[in-house]
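Hi everyone, thanks for coming. I'd like to walk you through one structure today, so please have the view ready.

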Amino acid sequence: MSALRTSRPARIGQYLALLAYLVFLAFPFLWLISTAFKPAPELASLHPTWIPEEPTLANFRQAFDEQPLLRAAGNSLVAALAAALIAVVVATPLAYVTARHRGRLATAATGWVVISQAFPFVLVIIPLFLILKNLHLINSVPGLVMVYVVWSLPFALWMLMGYVKAVPAELEEAAAVDGAGRLRTLVSVTAPLLVPGIVATALFAFVTAWNEFFFALVLLKTPEKQTLPVVLTHFLGAEGVADLGPLAAAAFLATLPSLVVFAVLQRRIAGGMLAGAVK
Amino acid sequence: MSSATATKRPGGTRTPRTVRPARPRGPDFGAWFLVLPALLPILVLSVGPLLYGIALAFTDAQSGRTQSTRWVGTLNFQDLLHDTLFWDSFRIGLVWAVGVTVPQFLLALGLALLLNQKLRFRWLARALAIVPWAMPEVVVGIMWRLVYNPDAGILNETLRDLGLGQGHDWLSGLATALPAVIVVGVWAGMPQTTVALLAGLQNTPRELHEAAALDGAGAWRRFRTVTWPALRPVALAITALNLIWNFNSFALVYVLTNGGPGGRTRLPMLFAYEEAFRYGQFGYAAAMGCVMVAAVSVLIALSLVRRLKGDQDR
């Protein structure tokens, strides 16, 4: 241990570096919050301040008046919840099989996961647009959910494979020796151990769908159907001239659900991502 | 991976007789039953559209008249070859991808090394590092527009306070737009890279560090001989992925500049999106997608070759 003790100047340097990182990471976010709570006169001032002199909630009220934020949040919630649930239900069995059996299927599944990370979505969105149009699912949340499910499958699969591998195969073998059938082993031994991983994966899929913009932009045409990220861009206006206060207020609100999920799941998400990603 | 092989091995070497009774007799329908629910949507909604998209690149499909679409061979690709606007955007995409990925990696490496030390307030940095990751890209774009705002933004106000000029419209300036969006890209993608590198660091054995330190190796030498070799696979993987993701990115720049000013930040995805959904040129946009896939495939191939070579060296 003692060999690694850091000298005093080095320590000070480390703290200065850490401080610089903290400032870089925090300042845009703090500025967003500051802008969201500033009254109009302060926003128009040529010398903006960090802390609002007369903090107000007027921007939030105005944001809800200007754009259908509640309905957009509702659409986002439905799309993200449905996509997360379906993705996990569909991906868990596949993840189980690919994690436990090494063979052509596992190779194909991992290969597909890697390749799907490289798609420029424009190549997929045009055909999807045409297919969904023929099915009359353009400008509909169910159509978007279908796209989200497939889009979040690779990552869900990746994370879940990591969680399955973390369940010792010996446990299943022991159950098998005790005479439990295959299904019984899966349901009463493996599944309970996988639950935390499944929940983490579902929440991650929820956040990615909640944050998603490109597919929603292309597939949802009318404001009643649009999700929160798409509606947020309406605040920017045609010429990019924006009402800063309501814009900041709405943007801040749109971030809260993902922030909460990440705060709760910080470790699990990082761990799950790495379980797969770092091979 | 390592834990998986470790747990698998005992089962494989044990005498088969103790394990076998549980195996189902006959063909393994169970596995297929488990695989099908995922395989079906993947084939129908992912692999299918991908092939369909490649096929579209060889047609004159337009959004208005998909009925009378004709096969036009490589015409779209020939047009693309002469489309200077597309190659401009391709070049901008490369500059953006490298310009974001490299500083992002260096900054993330520094942060990961710091967070791996026993420092006070480390928890705060860890918590903060998650924020950009959790934010919707659209919000990140909006947030940085507030920072960059020529009059009401904090960046110009800080510069004015420091006596550095009267302020500048960063996102509208021909020279500053691309650097300005690159800064945002670096900020937005740092968390993933940091988390990946941090995990890589935590896999490096501490004893090796201590042994090297006892042998009198300085910090830089320890990094080069102990830390980096252990970190290299993770670093290469995350860098390759970041290059690909950044080259294909869309939402951030769409919100920040929508490709402007004068196309200076028009990434390939923005270009293809406009071509497809503003001008309705589905076939042509699909051809752009194909060229982008080809470019990315080269990158994947290169990194795979490196990995294979690395395996041989070992």
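Let me begin with a definition: rings of Phe, Tyr and Trp (for Trp, its six-membered ring) pair if their centres lie within 6.5 Å, and planes under 30 degrees apart count as stacked, over 60 as edge-to-face and the rest as tilted. With that rule, ring pairs link A:Phe121, A:Phe129, A:Tyr148, A:Trp151, A:Phe213, A:Phe214, A:Phe215, B:Phe250, B:Tyr254, B:Tyr273, B:Phe277 and B:Phe282 into a cluster.

Now the ground rules. This is a predicted model, where local features need pLDDT of at least 70 and side-chain atom pairs count only at pLDDT 80 or more, while totals for chains, interfaces and linings use all residues. Residues are numbered from 1 along each chain as its sequence is written, chains are lettered from A and ligands numbered from 1 in the order in which they are written, and side-chain values use heavy atoms, with hydrogens and water left out.

Back to the rings. How many aromatic pairs does a search of the whole structure find over all chains? The number is 37. One of them is the pair of B:Trp220 and B:Phe223, which is stacked, with 5.8 Å from centre to centre and 20° between the planes. These two sit three residues apart in helix H11 of chain B (residues 219-247), so about one helical turn separates them. A helix here is a DSSP run of H or I with at least four residues, a strand is a run of E with at least two, and both are numbered from the N terminus. For burial, the cut-offs are under 20% relative accessible area for buried, over 50% for exposed, and partly exposed in between, using a 1.4 Å probe and protein chains only. By that scale B:Trp220 is exposed at 60%, whereas B:Phe223 counts as buried at 16%.

Let's stay in helix H11 for a moment, as B:Asn242 lies there too. Is B:Asn242 buried or exposed? With a relative accessibility of 6%, B:Asn242 counts as buried. Contact means heavy atoms within 4.5 Å. Setting aside residues up to four places away in sequence, B:Asn242 touches B:Thr101, B:Gln104 and B:Thr193.

Next, the chains as a whole. Chain A has twelve helices and zero strands, and chain B has 14 helices and zero strands. In chain A, 54% of the 279 residues count as buried; in chain B, 48% of the 314 residues do. For contacts in chain A with a separation of 6 or more, 71% come from residues 24 or more positions apart. The corresponding value for chain B is 65%, for contacts between residues at least 6 apart that join residues at least 24 apart.

Surface next, with accessible areas from the Shrake-Rupley method and a 1.4 Å probe; for residues, only the protein chains shown count as cover. Chain A exposes about 12,300 Å², with carbon and sulfur atoms supplying 69% of it. Chain B exposes about 15,800 Å², and there carbon and sulfur atoms supply 63%.

For a residue inside chain A, have a look at A:Val88 in helix H4 (residues 69-100). A:Val88 is buried, with a relative accessible area of 7%. Apart from its neighbours within four places in sequence, A:Val88 is in contact with A:Ile198, A:Thr201 and A:Ala202.

Finally, some backbone details. Most residues other than glycine have a negative phi, and most peptide bonds are trans. Where do we find A:His136? A:His136 is in the loop between helix H6 (121-134) and helix H7 (141-166) of chain A, and its phi is near 55°, a positive value in a residue other than glycine. A:Asn139 is in that loop between H6 and H7 as well, with a positive phi of about 60° although it is not a glycine. A:His136 is exposed at 71% relative accessible area, but A:Asn139 is buried at 19%.

Over in chain B, the peptide bond from B:Gly260 to B:Pro261 is cis, with omega near -10°. You can find B:Pro261 in the loop between helix H12 (251-256) and helix H13 (268-277).

That's my tour, and I'm happy to take questions.
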